[in-house]
Amino acid sequence: MSSSVEHAGINHPTEGGGLLSTLSVDGLSDCVSPSETILPSDGARSRPGTHNHAKSLKIGAGIWNDIRSRVPYYASDWTDAWNYRVVPATTLIFFANVLPGIAFSLDLIETTGRYGVAEVLLSSAMAAGVFSTFGGQPLCILGVTGPITVLNKTIYEILRKIPDAPDYLQFMGWVYLWGAIFHWVSAVLNWCNFLRYVTLFSCDTFGFYVSWVYLQYGVQVITRQFPVSRSGPGEEGALVGIICALLMVVAGFSLQALSRSFYFHRQVRRFFADYGMPIALVASSGVAYWGRFNSAYPTTLPVGGAFNAAGGRPWLVEFWLLDGKWVGMALPFGLALWILFFFDHNVSSLMAQGSEFPLRKPPSFHYDFFLLGITTCIAGLLGLPAPNGLIPQAPIHTASLVVWGQPTNNKRDEENDGEVQKSREGDDSYRSSEMPVSVVEQRVSNLLQGGLCLVLLTGPFLHVLSLIPRGVLAGLFWYMGLDALNCNGITMKICYLIRDSATVLPNDPFKRVRRSRIWLFVVIQLFAFGATMAITQTVAAVGFPIIISLLIPLRKTIIPRLPFTEEELAILDGPAASPFTMESVGGTL
């Protein structure tokens, strides 16, 4: 099944499915990719205060304009939450945020001994509380990501080799403070305007990298459960972990497929779309305690005491007591942190406000990045892994809040007023043509999932958390990684190249691009992905944010000089978000 994608003035059919696709009313739509453009109503594109912010180069102009644009909608951000879509969105994003964050941090927890599950949960709760209450774009979900755990672990490995190494958390406190200062300076100087150079080339490549990081961490979670010696104690538990992981993947995709099928009543399919992943997670966790599996004692999550920091340390990190020489040495690491968050968080925010979502409220990049500096500083004070925007959780959150329905006319153009007719039960052809008509843009789902993180820090729920087998987390990694790959632009291009040409639609825009040019474009993206993945496997992993940031100049300066025509680049690439969203940073170039 294919969907028409309006991309650079081209109807671009895409195919495939994914977690984003299951979040429709009945899951009958195809994968929602960042290249799809669903134009909001005229009112959405002409909201007051959403003028071209980049026209002014005054210091702090971007922050001021973001605040001025969002303030009129602050009250409605709370009242608009009176909608059922908030319930499944909260449930989905809670599981999709917390458990991968904990699993990402397992390596950091076991390697350093300075972080624990409590730190990860508190970091997610703190970020959710700050951004849902004070943030300009509350749809963007923040939490502990794989890249920040790689950075933190690499810094620990470097310090461990120094004879008179400083206290790790005190050093990280200064790293985070330097990073926060860079955040504040760049936000005040309107540097987020550089986001106008970010296209799908960068988003797809970085998303491809994140997807493979999910798959890699899933394998690591499994392999580290096996004992050092073969047939040693714990081998049976590791095998049960593999079974749980595979069950999580199979159950998750099976429920996803049911939500897109024509089986069962549409409300049942909608239930599978909204709660399929949490159901699969709970069911696969329960299998570990069924029959002989329980006697194998599969490895579960390590948890500490309620609201207790790792090792019983005080929550406040006195990083100001660090010797002056280490303060200076922390600066380049803070710069690396800023580079990572500048790209990672802003791309997450872009994807959460992608052109496939009919958003009606203004974006906020400069102000939110300033706010991210505050949460980074708080993380350093409390000894937490620094939170930032999550991929793919941020766009998944927005997709779970999409309201699907029938437009009053068949034209999907700028004159579409977005009015919706009620879906008619039993008319499958009618439902299959449903499209996104609005998004429940509100702050409550983000706030609630952060509050649930605090609930998990209480004794009874920490015990429940400790019952989740690590194999289930590995399966969750594989599920989310494979699902994200399924909707990635690189994957779609590769699928087109290996597809039987007889099955390609006559109006497929890729047919207007020479196959050699598609291969060239994909190879460049794969090379950038490979370089990023390779450097993270070495001691030079602290510099991988620089490799990621080079994607932007690569696309703007080198690729246009290669033998592509303008039409071919327009088909292969495109803006990361709609013009409505990009107004905050001066539009796309």
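Biologist: What makes you say that α18 is mostly covered?

Modeller: A count of residues: 14 of the 17 in α18 are buried. Buried here means under 20% relative accessible area. Bear in mind that this is a predicted model.

Biologist: How do you know that the span of helix α18 agrees with its number of residues?

Modeller: Helix α18 covers residues 470-486, and at 1.5 Å a residue its 17 residues should span 24 Å. The expected span uses one less than the number of residues. The C-alpha atoms at its ends are 24 Å apart, so the two agree.

Biologist: Why is M351 called buried?

Modeller: The cut-off is under 20% relative accessible area, and M351 comes in at 15%, so it counts as buried. M351 sits in helix α12.

Biologist: Which residues is M351 in contact with, leaving aside neighbours within four places in sequence?

Modeller: Those are E356, F357, I391 and P395. Also, M351 and A394 are 43 residues apart in sequence, yet their C-alpha atoms are 7.1 Å apart in space.

Biologist: And F194, why is that one called partly exposed?

Modeller: Buried would need under 20% and exposed over 50%. F194 has a relative accessible area of 47%, so it is partly exposed. You'll find F194 in the loop between α7 (168-188) and α8 (200-223).

Biologist: Now the inside. How many residues does the largest nonpolar core have?

Modeller: It has 148 residues, and L121, I155, Y168, F171, Y176 and L465 have the most contacts inside it. Helix α12 (residues 324-352) gives the largest share of this core, 15 residues. There's a second, separate core of 14 residues, including V86, L139, L401 and V440.

Biologist: What is L121 in contact with, beyond its neighbours within four places in sequence?

Modeller: V98, I102, C453, L456, L457, L462 and L465.

Biologist: How about the whole chain: how much of it counts as buried?

Modeller: Of its 589 residues, 60% do. The chain has 24 helices and seven strands. Of its contacts with a separation of 6 or more, 84% are between residues 24 or more positions apart.

Technical notes: Residues are numbered from 1 along each chain as its sequence is written. This is a predicted model: local features need pLDDT of at least 70, side-chain atom pairs count only at pLDDT 80 or more; totals for chains, interfaces and linings use all residues. Side-chain values use heavy atoms; hydrogens and water are left out. Helices (H or I, at least four residues) and strands (E, at least two) are DSSP runs, numbered from the N terminus. Buried means under 20% relative accessible area, exposed over 50%, partly exposed in between (1.4 Å probe, protein chains only). Contact means heavy atoms within 4.5 Å. A nonpolar core is a set of buried Ala, Val, Leu, Ile, Met, Phe, Trp, Tyr and Cys residues joined through side-chain atoms within 4.5 Å.
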